[in-house]
Every structure is written in C-alpha cells, then in structure tokens.
Amino acid sequence: MRPAVAQMEQFQWTYRPLVVIAQSDDEPALRDLHIVLRQSRDALADRDVLVVTVAGDDVTAWNPALDEAPDHSFDATRLRATYGQAGAAISIALVGKDGDIKDRGTVPGDIQDMMDLIDTMPMRQREIQAREREMERREEIENRMWGDESFGR
C-alpha cells in the first residue's frame, strides 16, 4: 500500500475524503473553494465528507459534521504525489469510504456535481435507504404511541 493511501486508511469506512491540493494557501481559487465548502457544510456532513487540504507543505483537515479538525497525521508530499494532478494550480480528488479514488478534478469545479456523484455510489444509496427505514420506523412508533391524530387536539 502506498504511504499516502495508508494515511487516508484511518478514515476508511467512516468518511469520504475530499483531498484538495494547492501550491499555496494564497491561491484565490482555494479561498473561494473553502467558502463554497463552508456554505455546503450540511450537505457535506450528510454525505460524511472530510475535507483534507494540502497548501504548500501544510495539511489541514475539516470535518463538516463536527465543524472541527480531526486528529490527523499527514505528509503533504505523499498526498500531493498520490492525489494531485500535474500542472493544476488546484486539484481535488474524491476518495470513497472504501479508500478508492472516485473522481479527480480541478478548481473551479461544481461542488453539486461532486454531491451528485456521491449520491450515485452504492454505499451512499444504502445509507439513504437505511435513513429512510429509520424515519419510517420512528413514525410508526409515534403513531402507535399517540395514534394517528395530532397530540393535543
């Protein structure tokens, strides 16, 4: 297993890492991307996305679900070699929960396209179905507890 992949292994089966690689944190497109990602926080959290940004030699990670940085130990050079794209000022790689690279792109790109891609993944489909079953189960329990009429009527 390549070292950069091993670094991401700590998130396997828990998160879908979005690896963002930039030459430096001074890139205007990187700042713009981070704004869009923050605006998409709920959608990213719902899809278990973990944003890992490599800017120069610095690596930061952000968990939108908790709005915090998880404990991590990354090597910028290895991440850049594994997930970066030659010649791109900023590149992104979407890694699935299984650890495989699902998509690569450059910035600017459409975050909604990435969300749509995630939503087509079989594991994501199972997550959606499980959530729907849980909601139906809870609704059924509430109906048994309170009947079909609204409480307080």
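Modeller: A term first: buried means under 20% relative accessible area, exposed over 50%, and partly exposed in between (1.4 Å probe, protein chains only). This is a predicted model, where local features need pLDDT of at least 70, side-chain atom pairs count only at pLDDT 80 or more, and totals for chains, interfaces and linings use all residues. Side-chain values use heavy atoms, with hydrogens and water left out, and residues are numbered from 1 along each chain as its sequence is written.

Colleague: OK, is Arg124 buried or exposed?
Modeller: Arg124 counts as buried, at 3% relative accessibility.

Colleague: And what does Arg124 form a salt bridge with?
Modeller: With Asp46; their closest N and O atoms are 2.8 Å apart. A salt bridge here is a side-chain nitrogen of Lys or Arg within 4 Å of a carboxyl oxygen of Asp or Glu. Asp46 counts as partly exposed, at 28%.

Colleague: Which residue pairs with Lys97?
Modeller: Asp48, with the closest N and O atoms 2.7 Å apart. Lys97 sits in the loop between β4 (90-95) and β5 (101-106) and Asp48 in the loop between α3 and β2 (49-55), so the pair ties together parts 49 residues apart in sequence. Helices (H or I, at least four residues) and strands (E, at least two) are DSSP runs, numbered from the N terminus. Lys97 is buried at 8%, while Asp48 is partly exposed at 24%.

Colleague: Switching topic, how many salt bridges are there in the whole structure?
Modeller: The search finds 14. Arg16, Asp46, Arg47, Asp48, Lys97, Asp119, Arg124, Glu127 and Arg131 are linked in a network of them.
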